[in-house]
Amino acid sequence: LARSRVPVRIPAGEYYFTGTVYIPPYITLVGDGIDKTVLTAINPNATTIFETWDTEDYGVNSGPVRHVNISGMTLKYSTLTNIASASPLMILNALEDSAVTNVKLEGNYVKGNANTTTYAAIHLTNAASNNIKLNDLEITGVCYPLISNEDIEYVEVNNGKFTYLYQGITLANNLSGAAGSLRGPKNIDIKNNIFSDIEKRAVYAGVNTEENNQINLAGSTYHNVGNDLDGDDAPTGPI
């Protein structure tokens, strides 16, 4: 029964991953804090650490993954990771009524590296995803901190710190046109974040999204964004 489940606690320390841990519904993962509980992906190519999955029907993923909570830890790429062929540190697949809070996601991207949408902190996927809180995150040194091309709804991204990225939060940049990827994310609140040292945009919403997608941006601050890291007085594109 869901009510009988207890949090899975990951004590302080560094843990090395060569494969993915699949997270089923009704799981709470709690570390001892950012940079105290550190999870490092050491496989140079298959680098996803956590992926949410309906494991009651494993391999089919027939239903949403509800009530997952992850907090108090750092997920990172190793220095051996191949940026060009990496996969996201965390894939939130068909996630519903869940939260990732007080988590740091870290990579080794610097200007001049090849950029790819898969060297990313979080990929939100599957149109079943909705009502997700991504708050108090620290994301640094990846190509993309948060990316989604699916028709997800009701996501909060608040009080985060996004630094040293190729591009910031990226929504509907490559809609497939197939079911579940027609309009892109909808009802997304991006508030009170810090965006710093980002080559391209801090937030990007694709041109193919509906007029009423309601991607709301408020209360955030920006430094050295949209200028290929050449300084605030040398803009090359919009923030």
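1. Starting with K111 in this predicted model: the residue counts as partly exposed, at 45% relative accessibility. Its salt-bridge partner is D230, with the closest N and O atoms 3.4 Å apart. That pair links distant parts of the chain, since K111 sits in the loop between β10 (95-106) and β11 while D230 is in the segment after β22, 119 residues apart. D230 is partly exposed too, at 49%.

2. Next, R183 and E153. They form a salt bridge, 3.3 Å between the closest N and O atoms. R183 lies in the loop between β17 (169-171) and β18 (186-191) and E153 in strand β15 (residues 153-158), so the bridge ties together parts 30 residues apart in sequence. R183 is buried at 13% relative accessible area, whereas E153 is partly exposed at 25%.

3. D228 and K200 meet through their side chains in a salt bridge of 2.6 Å, N to O. D228 is in the segment after β22 and K200 in the loop between β19 (194-198) and β20 (203-205), 28 residues apart. K200 comes out as partly exposed, with a relative accessible area of 26%.

4. For the overall tally, the whole structure has six salt bridges.

5. Have a look at S129, in the loop between β11 (120-125) and β12 (130-135). It is buried, at 1% relative accessible area. Its side chain reaches the backbone nitrogen of L95 at 3.1 Å, and the residues S129 touches include N93, I152 and E153.

6. Lastly, the surface: L217, Y222 and I239 make a nonpolar patch with about 270 Å² of accessible area together. Y222 belongs to strand β22 (residues 221-225) and is partly exposed at 31%.

How values were computed
Residues are numbered from 1 along each chain as its sequence is written. This is a predicted model: local features need pLDDT of at least 70, side-chain atom pairs count only at pLDDT 80 or more; totals for chains, interfaces and linings use all residues. Side-chain values use heavy atoms; hydrogens and water are left out. Patches are made of residues with over 30% relative accessible area and no salt bridge: like charges are joined within 9 Å, nonpolar side chains (Val, Leu, Ile, Met, Phe, Trp, Tyr) within 5 Å. Accessible areas come from the Shrake-Rupley method with a 1.4 Å probe; for residues, only the protein chains shown count as cover. A salt bridge is a side-chain nitrogen of Lys or Arg within 4 Å of a carboxyl oxygen of Asp or Glu. Helices (H or I, at least four residues) and strands (E, at least two) are DSSP runs, numbered from the N terminus. Buried means under 20% relative accessible area, exposed over 50%, partly exposed in between (1.4 Å probe, protein chains only). A polar contact is a pair of N or O atoms within 3.5 Å; within protein, one must be able to donate a hydrogen and the other to accept it, and residues adjacent in sequence count only if both atoms are side-chain atoms. Contact means heavy atoms within 4.5 Å. Lists of a residue's contacts leave out its neighbours within four places in sequence.
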